[in-house]
Amino acid sequence: LRAVPDTNEDRYDYCAGTSVHTWVKEIPLSRLEAALNAKKETRIGRLKSLAVERADSFGRAITLRIEGETPSITLKPTPKAKKTRASADELEDGGSYTLVATSPLTSESSEITQPVLRTLRATTLRSLLGDSVLKSTFFTVERNGSQIRFVGRGYGHGVGMCVAGANGMAKAGIGYREILARYYTGTLLNSLYDLTPAPATGKDN
């Protein structure tokens with residue numbers, strides 16, 4: 001199967017006007033993080049950025065560059081405070097001395113982060129989110145506040161016959177043979193009965 005455009009020689013787009021011609025999907029950062037962190041091989045921690053790294057000649061995303069960070073907690077012990085001795089002159093009751101002990105050993109926690117950088121196939125992200133969420137990998141992507149905004153085209157894997165395009169061609173009066181020849185390049189269309197051998201005749205059959 002090969003990818004073919006849905007436009008004719010006059011650059012008329014047979015998919016124009018359909019619900020999948022262009023689409024916009026905004027996905028919360030938290031949802032993307034959850035999907036990516038669900039598997040060890042795609043784990044990203046906190047999602048910082050996502051961008052198309054490489055696309056094909058049609059503009060369909062092949063790989064994505066994803067930046068994230070994984071937090072970790074470190075405990076830093078604080079030194080134990082020294083005991084202090086008060087002299088008799090400093091005591092109101094005139095006693096000899098007393099020991100004043102401060103709080104015992106305590107710990108302070110601090111958070112450090114490790115940067116994470118992944119190259120992910122666009123088809124993998126589409127599978128993680130669901131094919132109905134990202135209709136295709138023909139998209140551009142940008143951050144919009146706490147959302148990641150996908151602006152895309154089409155619905156499917158991008159090869160073989162486009163249902164919307166085939167429907168548009170049929171409405172334009174193009175026959176099924178030409179439609180099939182366009183989307184399935186290099187194939188030959190035959191009737192099944194033309195390819196089936198005739199049954200043998202004779203008394204032994």
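Let's start with Arg 43, which lies in the loop between α1 and β2 (helices are DSSP runs of H or I with at least four residues, strands are runs of E with at least two, and both are numbered from the N terminus). The model is predicted, so local features need pLDDT of at least 70 and side-chain atom pairs count only at pLDDT 80 or more, while totals for chains, interfaces and linings use all residues. Residues are numbered from 1 along each chain as its sequence is written, and side-chain values use heavy atoms, with hydrogens and water left out.

**Arg 43 and its surroundings**

- Arg 43 counts as partly exposed because its relative accessibility is 42% (buried is under 20% relative accessible area, exposed is over 50%, and partly exposed is in between, with a 1.4 Å probe and protein chains only).
- Setting aside residues up to four places away in sequence, Arg 43 touches Leu 36, Asn 37, Val 116 and Arg 118 (contact means heavy atoms within 4.5 Å).
- Take Val 116 from that set: 73 residues separate Arg 43 and Val 116 in sequence, yet their C-alpha atoms are 8.8 Å apart in space.

**The chain as a whole**

- The protein chain has five helices and eight strands, and along the sequence they run β-α-β-β-β-β-β-α-β-β-α-α-α.
- Of the 205 residues in the protein chain, 27% are buried.
- Its accessible surface comes to about 14,300 Å², and 52% of that belongs to carbon and sulfur atoms (areas come from the Shrake-Rupley method with a 1.4 Å probe, and for residues only the protein chains shown count as cover).
- Look at contacts between residues at least 6 apart in sequence, and 61% of them join residues at least 24 apart.

**The three-stranded sheet**

- Three strands make an open, antiparallel sheet in the order β1-β8-β7 (two strands pair if DSSP finds at least two bridges between them).
- At the edges sit β1 (23–28) and β7 (139–144), each pairing on one side only.
- From one strand to the next, the twist averages 20° (axes are lines fitted to C-alpha atoms, for helices over the stretch in contact, and angles run from 0 to 180 degrees between N-to-C directions).
- Helix α1 (residues 29–37) packs on this sheet and touches β1, β7 and β8, with its direction at about 75° to that of β1.
- β7 and β8 (residues 147–152) pair in the antiparallel sense over six bridges.
- Phe 139 has Gly 152 in β8 as its bridge partner, and Glu 142 stands opposite Arg 149 in β8.
- The hairpin of β7 and β8 has two residues between the strands, and Gly 145 takes a positive phi near 65° there.

**Nonpolar cores**

- The largest nonpolar core has 23 residues, and those with the most contacts inside it are Leu 64, Ile 66, Leu 125, Leu 129, Leu 134, Phe 139 and Phe 150 (a nonpolar core is a set of buried Ala, Val, Leu, Ile, Met, Phe, Trp, Tyr and Cys residues joined through side-chain atoms within 4.5 Å).
- At least two residues of this core come from each of β1, α1, β2 (46–55), β3 (61–77), β6 (107–121), α2 (122–129), β7 and β8.
- The largest share, four residues, is supplied by α1.
- Leu 129 is in contact with Ile 27, Arg 31, Leu 32, Ala 35 and Leu 134, leaving aside its neighbours within four places in sequence.
- There's also a second, separate core of six residues, with Tyr 14, Ile 174, Ile 179 and Tyr 183 among them.

- Not counting residues up to four places away in sequence, His 21 touches Asp 13, Cys 15, Ala 16, Gly 152, Arg 153 and Gly 154.
- Arg 11 is also in the segment before β1, and it is exposed, with a relative accessible area of 72%.
- Phi of Arg 11 is near 65°, a positive value in a residue other than glycine.
- Most residues other than glycine have a negative phi.

**Ile 112 in β6**

- Ile 112 lies in strand β6 and is partly exposed, with a relative accessible area of 41%.
- Ile 112 and Pro 71 are 41 residues apart in sequence, but 5.9 Å apart in space from C-alpha to C-alpha.
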